[in-house]
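I open this notebook to record what I looked up in the structure shown below. The entries follow the order of my reading.

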Amino acid sequence: METTEYNTEINTVLNDMPDGCYILNKDFQFIFINDAAINYFNKSKEELLNKEIWETLPKYKSTKLLPMCLKAYEENMKQSLIMKSRQDSIELNIYPTKLGLLIIFQTSTDHKKVVNETAYIERLKTIGEMAAGVAHEIRNPMTTVKGFLQLLAQDKNEQKNQHIFKLMVEELDRANEIITEFLDLSKNKPSIPQVTNINLIIKSLLPLLETRALKENKLIITNLSKTVDLALNRNEVRQLLLNMVNNALEAMTDNGVCYIETFTDKYENVCLVIKDEGEGICPSITKKLGTPFVSTKESGTGLGMSICYSIAERNNATIDFTTGSKGTTFTICFKNK
Ligand code: ADP
Ligand code: MG
């Protein structure tokens, strides 16, 4: 390559890099500014180029940027600086060069977001552990109550109240079921994988799913392609499929179709797709999907998706989804190695 070609290449690289980058000459005029920096300053290239930074962007005059620039010249050494504002914090490196000062900066809103999310997940974990403890403690008295109810139900004087006893026991069983599901979630029990095929798991569950769909005037259509066998926990994957198809059916009105598909992606991963024609996931919960007890349903437990996410994690799979007013598509991608 000729030197000029190199120069254009270097120019393109600097221009396209995700970090903000600009060069100020000795008079603090912009002699180069890349796209990321133009975006950040929210001005046009013409408004900036060949203009003095303190004039076009007066708010920087009262910051540490000016003294740090002077220091970079004085000491002829790189200077680093972090400037915090209300929205973000930017990290700047100022390099003295022959052309003037080369300034490269990154905004760290993204970094902050990651930190916040990690803290959030940690908090959730603690809450989850506490809740699991509480849930376990609730079970014991419930068992006692259930036992006495069953005893009372056998009493001759109580025969007329049989339906009430039945209802009470059923309600206790339902509460117990919810606790079991919840405990399963937090247990992170080691799963015992067996070599099996995802299509077999789907086929074995299909009669159950189809019966349920037909009862509600809905349809399940499968489109299964040949996929390799994987080491999976069969019962867990069945549970995942069940929870997701339940949600799909619940999201649709009469005549809705739920599609279950399998395919192999370009990385040889086995993908399971569950697609519905429902109203889409409520935007207020898309970010929280998978958090225990997040539900928009009157009698929903909000545990189904959390269980799916923990099953996916244990079975080396990821869950992605797209959603909109025409329906929702979940793709569960089982890693092949
Ligand atoms: P539940 O079904 O008990 O409400 P889930 O954890 O299974 O709990 O689902 C949580 C929430 O996610 C649901 O209440 C619903 O709002 C939303 N959701 C899940 N799957 C779908 C879907 N296929 N279409 C629309 N919304 C969905
Ligand atoms: Mg559900």
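Before placing residues, I note that helices (H or I, at least four residues) and strands (E, at least two) are DSSP runs, numbered from the N terminus. On these terms I find Asn316 in the loop between α10 and β11.

**Conventions.** I am reading a predicted model, in which local features need pLDDT of at least 70, side-chain atom pairs count only at pLDDT 80 or more, and totals for chains, interfaces and linings use all residues. Residues are numbered from 1 along each chain as its sequence is written, chains are lettered from A and ligands numbered from 1 in the order in which they are written, and side-chain values use heavy atoms, with hydrogens and water left out.

**Entry 1: the ligand site.** I asked which residues are the closest to ligand 1. Among the 21 residues that surround ligand 1, the closest are Asp276, Ser295, Thr296, Lys297 and Met305; a residue is counted here if one of its heavy atoms lies within 4 Å. By class, the shell holds 9 nonpolar, 9 polar and 3 charged residues. For this division, Ala, Val, Leu, Ile, Met, Phe, Trp, Tyr, Cys and Pro count as nonpolar, Asp, Glu, Lys and Arg as charged, and the others, Gly among them, as polar.

Entry 2: The side chain of Asn247 has an N or O atom 2.8 Å from a ligand oxygen. For the side chain of Lys297 I read 2.7 Å. At Met305 a backbone N or O atom lies 2.7 Å from an oxygen of ligand 1. The protein covers 93% of the 530 Å² of accessible area that ligand 1 has on its own; such areas come from the Shrake-Rupley method with a 1.4 Å probe, and for residues only the protein chains shown count as cover.

**Entry 3: elements around the ligand.** Two or more residues of the shell come from each of α9 (234–251), α10 (304–314) and β12 (327–334). Which element gives the most? That is α9, with 4 residues.

**Entry 4: α10.** Met305 lies in helix α10. I count Met305 as buried because its relative accessible area is 10%, where buried means under 20%, exposed over 50% and partly exposed in between (1.4 Å probe, protein chains only). Other buried residues of α10 include Ile307, Cys308 and Ile311. Met305 and Pro292 are 13 residues apart in sequence, with 7.9 Å between their C-alpha atoms.

Entry 5: Asn315 is in the loop between α10 and β11 (317–324). Is Asn315 buried or exposed? Asn315 counts as buried, because its relative accessibility is 6%. Its side chain makes a polar contact of 2.9 Å with that of Glu236. Asn316, by contrast, is partly exposed at 43%.

Entry 6: Most residues other than glycine have a negative phi.

**Entry 7: Thr301.** Thr301 is in the loop between β10 (270–276) and α10. I class Thr301 as partly exposed, because its relative accessibility is 22%.

Terms used: Polar contact = N/O pair within 3.5 Å; in protein donor to acceptor, adjacent residues only side chain to side chain.
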